[in-house]
Amino acid sequence: RRRCARARAMASNLLGTRHERYPSTLGIDFRKLGPEALRTYVNRYRLDAAPDAPDSELAKVVAKHFEATPVDEEAIVARFFEHLDDVDAARAGENDTGVARVHEQVAAKVSTTDENGSWILASVVRYDATSDAYAVQDEDDQKILELPASRIRRLGVADDNLDELQKGERVVAIFPETTSFYRAMVSKAPKRGPGGSPPREVVLKFEDDEDDSGRTPHRRVSLRYVLRERPQAKAPRPPPRPRPPPQPKNTEPQPATAALPTPRPPQGQAWADKASGGAPADADVAARPGGATYSDMIAHALKKLPDEHGDFKDICKVIEQDFFEQLNWKLESDLRKTPVWKSSVRKILYSNARFRHNLPAADKNIFTFSAYA
């Protein structure tokens with residue numbers, strides 16, 4: 001009798017489950033899971049399901065339990081970040097030598113000077129322990145560069161203690177939407193996330209990033225792409241100048257006859273010399289004291305392009321054609337054969353409020369005026 005009663009109860013439970021419908025409001029379809037995954041869920045939470053229940057019935061049991069379980073999203077996100085930190089720590093423990101792994105993203109110094117923008121984002125192709133040198137691939141133009149290890153810095157190294165950055169500290173970080181590192185200052189210290197998870201980003205002010213009104217915007221950057229600025233070697237002191245011979249008494253000093261130095265254009269601007277024939281056609285650009293800015297040149301180029309839309313190459317082509325003699329043709333570095341003016345145009349396209357991205361077309365980044373937004 002006991003066996004019959006138990007059998008009737010199991011049959012009743014099974015029939016009751018079969019008559020139940022799969023929750024229609026649930027966004028997850030557990031019916032797509034295999035029997036092993038469903039059984040693992042049932043056993044993990046000790047759910048009431050017959051040993052020989054088909055997959056469709058197991059999916060209903062799992063879905064019903066999942067729908068009724070309260071979810072603490074903040075705690076789940078915190079645990080997820082803790083898991084990521086454990087994974088990062090484990091990976092770091094696998095490589096105690098400090099050598100970057102193949103395919104690892106690193107910062108590579110492509111210039112022998114300390115000019116702004118001399119560090120770029122690259123990925124490791126190989127490492128030669130004999131010469132202590134790397135072969136890395138430029139993330140922008142995919143060129144392979146051979147560099148000594150002294151000009152490679154790993155990203156996200158725990159010893160840098162980037163989560164302890166303070167407001168006002170000097171750093172080197174990737175400018176948003178580019179692959180070049182530029183000097184910046186911390187404008188807002190990184191804060192921990194939900195549940196005390198480690199900070200993931202920092203707010204910076206980049207050098208030479210002023211807008212048309214002279215204000216420097218605050219920009220959020222992932223801590224992974226931030227480097228502490230290393231102290232630069234002090235330049236040797238110049239030798240003392242010889243003192244001029246004493247003048248005889250009661251003698252008036254001779255007036256200076258040396259010619260005054262030719263004024264130079266302000267940093268960050270292109271020199272607009274009308275004699276060169278490359279002065280902008282727009283009245284506001286032509287009247288600007290000190291010459292046309294790169295922002296003005298971009299606006300001039302967009303106005304000449306069809307529908308005032310164009311990609312980076314189209315814009316540079318017009319600028320090169322109309323402002324050739326005004327551009328800074330100095331190469332960004334010895335290895336990265338890119339003129340300084342092109343890097344400046346790229347940076348301004350992504351940062352200046354006058355311009356914006358249009359929807360991608362034909363796999364190209366199209367730019368236009370912000371007035372069209």
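# Close-up views of a predicted model

**View 1. His309 in a loop.** His309 sits in the loop that joins H6 and H7, where helices (H or I, at least four residues) and strands (E, at least two) are DSSP runs numbered from the N terminus. The model is predicted, so local features need pLDDT of at least 70 and side-chain atom pairs count only at pLDDT 80 or more, while totals for chains, interfaces and linings use all residues. Residues are numbered from 1 along each chain as its sequence is written, and side-chain values use heavy atoms, with hydrogens and water left out. His309 is partly exposed because its relative accessible area is 24%; buried means under 20%, exposed means over 50%, and partly exposed lies in between (1.4 Å probe, protein chains only). The C-alpha atoms of His309 and Phe367 are 5.7 Å apart in space, although the two residues are 58 apart in sequence.

**View 2. Asp307 in the loop between H6 and H7.** Asp307 is placed in the loop between H6 and H7. Its phi is near 60°, a positive value in a residue other than glycine. Most residues other than glycine have a negative phi. Asp307 has 65% relative accessibility, so it counts as exposed.

**View 3. Arg46 between two helices.** Arg46 belongs to the loop between helix H2 (35–44) and helix H3 (55–68). Arg46 is not glycine, yet its phi is positive, near 50°. With a relative accessible area of 78%, Arg46 is exposed.

**View 4. The largest nonpolar core.** A nonpolar core is a set of buried Ala, Val, Leu, Ile, Met, Phe, Trp, Tyr and Cys residues joined through side-chain atoms within 4.5 Å. The largest one here has 21 residues, and those with the most contacts inside it are Ile298, Ile315, Ile319 and Val345. Two or more residues each are given to this core by helix H6 (294–304), helix H7 (312–322), helix H8 (340–351) and strand S12 (367–369). H6 provides the largest share, six residues. In soluble globular proteins, nonpolar side chains tend to be buried together.

**View 5. Helix H6 and its buried residues.** H6 is largely enclosed by the rest of the structure, because nine of its eleven residues are buried. The buried residues of H6 are Tyr294, Ser295, Asp296, Met297, Ile298, Ala299, His300, Ala301 and Leu302.

**View 6. Val345 in helix H8.** Val345 is part of helix H8. Its relative accessible area is 0%, so Val345 is buried. Val345 and Tyr294 are 51 residues apart along the chain, and their C-alpha atoms are separated by 6.3 Å.

**View 7. A salt bridge between Asp140 and Arg346.** A salt bridge is a side-chain nitrogen of Lys or Arg within 4 Å of a carboxyl oxygen of Asp or Glu. By this rule the count comes to twelve salt bridges. In the one between Asp140 and Arg346, the closest N and O atoms are 3.9 Å apart. This pair links distant parts of the chain, 206 residues apart: Asp140 is in the loop between strand S3 (133–138) and strand S4 (144–148), and Arg346 is in helix H8. Asp140 is partly exposed, with a relative accessible area of 36%, and Arg346 is partly exposed at 27% relative accessibility.

**View 8. A salt bridge between Arg228 and Glu169.** The closest N and O atoms of Arg228 and Glu169 are 2.7 Å apart, and the two residues form a salt bridge. Arg228 lies in strand S10 (residues 226–228) and Glu169 in the loop between strand S5 (152–154) and strand S6 (170–174), so the pair links distant parts of the chain, 59 residues apart. Arg228 is partly exposed, with a relative accessible area of 23%. Glu169 is also partly exposed, at 24% relative accessibility.

**View 9. A network of salt bridges.** Arg170, Arg183 and Glu207 are linked in a network of salt bridges. The side chains of Glu207 and Arg183 meet at 3.4 Å, N to O. Glu207 is in the loop between S8 and S9, and Arg183 is in strand S7 (residues 180–188), 24 residues apart. Glu207 is partly exposed, with a relative accessible area of 25%, whereas Arg183 is buried, at 19%.
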